[in-house]
Structures are given as C-alpha cells and as structure tokens.
Amino acid sequence: MASEMIVNHQEKAFALLQADAEKILKLIKVQMENLTMPQCPLYEEVLDTQMFGLSREIEFAVRLGLIEVRDGKAILDKLERELSALHEASIRK
C-alpha cells in the first residue's frame, strides 16, 4: 500500500511539472504569434523567471525523491528545445 502511494505521488509530481512546462510553452507561443518580438527585454525577463521557477520546482521534487534527476532534466531539455524551435521560427517570419 505504501509503495502504491509513493508511486502515485511520483506520478502526480511528474505530471504537475510537465503541466507547468506546457504553460510556459503556451506563453511563448502566444508571444510569438501576437508580438513577434522575442528580443523584447520584458519578454525575456518573464521567460527567464518562468524557467527559473520551473527549475526550482524540479529541484525540489528531486530532493523529495518524487522524480529522478534525469526526468527533471528531460523536462527542461524538452522545453528548451521547443522554445528554441519557436524562436527560430519567429526569426524566419
């Protein structure tokens, strides 16, 4: 029973972190579609703040043993790749 509860908490933690990463990605997509100004200082500051917050959430979940370091890194790496692709696409417009 206890191991099921641990697995449930781990799955919830991972899902919440992925959801937060998806929210950041949606913010970026809206920015790119509406303003097309990825070099805007305010935009960059918001992005940096959001990414920093997500990295801290991931670090906390790792410290609690809810996710593995590699899984947290995978969430950040995937988000960074997607953000990079969006940025490249906006520049090409």
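User: Okay, and where is K78 found?

Analyst: K78 is found in helix α3.

User: What does K78 form a salt bridge with?

Analyst: With E82, and the closest N and O atoms of the pair are 3.8 Å apart. Both K78 and E82 lie in α3, 4 residues apart, which is about one turn of the helix.

User: And E82, what's its relative accessible area?

Analyst: E82 comes in at 26%, so it is partly exposed.

User: How far is K78 from A21, going by C-alpha atoms?

Analyst: Their C-alpha atoms are separated by 9.0 Å, although the two residues are 57 apart along the chain.

User: How confident is the prediction, in terms of average pLDDT?

Analyst: The average pLDDT for the chain is 84, and 86% of the residues score at least 70.

User: Which elements have the lowest and highest mean pLDDT?

Analyst: The lowest mean is in α1, at 84, and the highest is in α2, at 88.

User: Now the inside. Which residues touch the most other members of the largest nonpolar core?

Analyst: That would be L54 and L79, in a core of 18 residues. The elements that each give two or more residues to this core are α1 (2-34), α2 (41-64) and α3 (69-92). The largest share, 7 residues, comes from α1.

User: Why would nonpolar side chains be buried together?

Analyst: As a general rule, nonpolar side chains in soluble globular proteins tend to be buried together.

User: What does L79 touch, then?

Analyst: If you skip residues up to four places away in sequence, L79 touches A21, I24, L25, M51 and L54.

User: Tell me about L17. Is it buried or exposed?

Analyst: L17 has a relative accessible area of 4%, so it is buried. You can find L17 in helix α1.

User: And what is L17 in contact with?

Analyst: Leaving out neighbours within four places in sequence, L17 is in contact with L54, E57, I58, A61, I67 and I75. As for L54, its C-alpha atom is separated from that of L17 by 7.4 Å, with the two residues 37 apart along the chain.

User: I58 was on that list. Where does I58 lie?

Analyst: I58 lies in helix α2. With a relative accessible area of 6%, I58 is buried too.

User: Which residues is I58 in contact with?

Analyst: Again leaving aside neighbours within four places in sequence, I58 is in contact with L17, I67, G72, I75 and L76. There's also a C-alpha distance for I58 and E68: these two are 10 residues apart along the chain and separated by 9.4 Å.

User: How much of the chain is buried overall?

Analyst: Buried residues make up 24% of the 93 in the chain.

User: What share of the contacts comes from residues 24 or more positions apart?

Analyst: Such pairs account for 71% of the contacts in the chain with a separation of 6 or more.

User: Back to charges. How many salt bridges does the structure hold?

Analyst: The structure holds 5. One of them is the K78 and E82 pair we talked about.

User: What does D77 form a salt bridge with?

Analyst: D77 pairs with K73, and their closest N and O atoms are 3.5 Å apart. Both lie in helix α3, 4 residues apart, about one turn of the helix. D77 counts as partly exposed because its relative accessibility is 26%.

User: And which residue forms a salt bridge with D20?

Analyst: K23 does, with the closest N and O atoms 3.9 Å apart. D20 and K23 both lie in helix α1, 3 residues apart, about one turn of the helix.

User: Why does K23 count as exposed?

Analyst: Because K23 has a relative accessibility of 55%, and exposed means over 50%.

Definitions and conventions
Residues are numbered from 1 along each chain as its sequence is written. This is a predicted model: local features need pLDDT of at least 70, side-chain atom pairs count only at pLDDT 80 or more; totals for chains, interfaces and linings use all residues. Side-chain values use heavy atoms; hydrogens and water are left out. A nonpolar core is a set of buried Ala, Val, Leu, Ile, Met, Phe, Trp, Tyr and Cys residues joined through side-chain atoms within 4.5 Å. Buried means under 20% relative accessible area, exposed over 50%, partly exposed in between (1.4 Å probe, protein chains only). Contact means heavy atoms within 4.5 Å. pLDDT is the predictor's confidence in each residue, from 0 to 100. A salt bridge is a side-chain nitrogen of Lys or Arg within 4 Å of a carboxyl oxygen of Asp or Glu.
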